[in-house]
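Take a look at the model below.

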Amino acid sequence: MYEGLDELRERIGAGGSPKYHQANEAKGKLFARERIARLVDKGSFVEDGMFANALAQGLPADGVITGQATIDGRPVCLMANDSTVKAGSWGARTVEKIIRIIERAYGQGVPMVYLVDSAGARITDQVDLFPGRRGAGNIFYQQVKSSGSIPQVCALFGPSAAGGAYIPAFCDVVAMVDGNASMYLGSDRMVEMVTGEKTTLEAMGGAKVHTEQSGVGHFLCKDEDEALGVVRRYLSYLPSNWTEQPPALEPMPAPETDLAAIVPESERRAFDMRKLVKGLLDGGGFFEIQARWAKELTVGFGRLDGQVVGVVANNSLHKGGVLFVDSADKASRFVQLCDAFNVPLLFLCDVPGFMVGSAVERQGIIRHGAKMVTAISEATVPKICVVVRKAYGAGLYAMAGPGFQPEATIALPTAKIAVMGAEAAVNAVYANKIAAIEDEAEREAFIAARRAEYETDIDLVRLASELVIDTIVEPDRLRDELIQRYRAAHGKDRHFSRRRHGVTPV
């Protein structure tokens, strides 16, 4: 019988040197095994590969903990970098353990959770871990293979450096701990050496940068417990894999809300669409994703009558609700996420259209807009478009308007659907005639008359009579209307096109 196994297990379970534990504690960082304990159901974690590199000195578990557990009673697979072991860096066995646990998650059809805190590859071990068929590149291959098949969620507690930065990037969502989490392809020293730029890891790849500017991060968390809570809450809205339905809960009423009072009649007045969203959802519960990035568009999960729904909503409180490059990307990715995991989509439309001008044209607004329209078109889950106020130009298309096969296009009484607003339309058609009228009163009367004609042309009842919209609903009846229509759409045919896959305008 092998002697000293209990002692060896204890030594491996303790991680790296006490000085590294102390350094992490000073930064507010938990030990990797404590992170797992706080995330999963008590006593449910079963570890794999604990003895990896056990014969080497100072490499307990080779710096990564992998295994299976349950969260709220549902099975998951997970990995957690141990930053007390060579800063959580990757060796050959680290990579093999990560590959194996992703393969297991995919094979069993359960979510994969990544608890990341790693300085990247060990340069001294590069031949063993980097180039081969079971090298680090295979981690990303397995993530891409698993994408849309099983939920993949990342909580980032420290660095995710160099190639390792792609682990979070391939996940559905990333929760980042403010002050500690970072993602970067090259360190600040490398950047200065290659480009001459002097920067810091925080300024280049910190949590605020990625959750507010780059969009790679989805949640900015004040501490590690909040990040672990994001993981749990995210998974609560999704099925274990693409073949299953999202988990339903007991229905709850929406909060008492005067929905009509939330939406101003004047399209010039901004309002926070999230108030309308919360007024529609069970218990007002709205799990917003990427709340700090591209704020002109709001996306997230909630429930209607206990059933999960994904919300895509324009928010005029930010940039007038106009769609920009980032908001188009934000919508595209969220729509694909919902479609992958059988989450019905609710579009709340109040959009002047896509931004125009030389700056956004150089950024590729047409390409990014086309990407959003592609995602909307390809989504085969039940989808409903509610025109809350304005739906102008290609904005109507991007928000799953009538041409994109929604289960219904519903208009609130405040809705306007047109190529453009009345003021812009009158100016576009009659600019020369308006300029030729010298008398100010006569000019204003002419403009008012033309605007009235335009408004009559796009009258809601006329649009309903022409079957452009399916119904006009008062705000206080909208929730019940949505519940009934989603219920009727259950089990719809999900076939879209005879092909292998489209060519997305990325």
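## Terms and model

Angles under 35 degrees count as roughly parallel, over 145 as roughly antiparallel, 65 to 115 as roughly perpendicular and the rest as oblique. They run from 0 to 180 degrees between N-to-C directions, with axes fitted to C-alpha atoms, for helices over the stretch in contact. Helices are DSSP runs (H or I, at least four residues), numbered from the N terminus.

This is a predicted model, and its local features need pLDDT of at least 70. Residues are numbered from 1 along each chain, and side-chain values use heavy atoms, without hydrogens and water.

## Helices α4 and α6

Helix α4 spans residues 92-108, and helix α6 spans residues 137-146. Their axes come within 9 Å and cross at roughly 15 degrees. Therefore α4 and α6 are roughly parallel to each other.

Residues meet here in contact (heavy atoms within 4.5 Å). From α4 come Val-95, Ile-98, Ile-99, Ile-102, Glu-103 and Tyr-106. They meet Asn-138, Ile-139, Gln-142, Gln-143, Lys-145 and Ser-146 of α6.

## Helices α18 and α19

Helix α18 (residues 422-436) packs against helix α19 (residues 440-457) at an angle of about 135 degrees. Their axes are 10 Å apart. That angle makes α18 oblique to α19. Among the contact residues are Tyr-430 of α18 and Phe-446 of α19.

## Helix α14

Helix α14 covers residues 325-340, 16 residues in total. Several are buried (under 20% relative accessible area, with exposed over 50% and partly exposed in between, 1.4 Å probe, protein chains only). Val-325, Phe-334 and Leu-337 are among them. Just after α14, Asn-342 takes a positive phi of about 65 degrees.

Note on methods:
Predicted model: local features only at pLDDT ≥ 70, side-chain atom pairs only at ≥ 80, totals over all residues. Helix = DSSP H or I, 4+ residues; strand = E, 2+ residues; numbered from the N terminus. Expected span 1.5 Å × (residues − 1).
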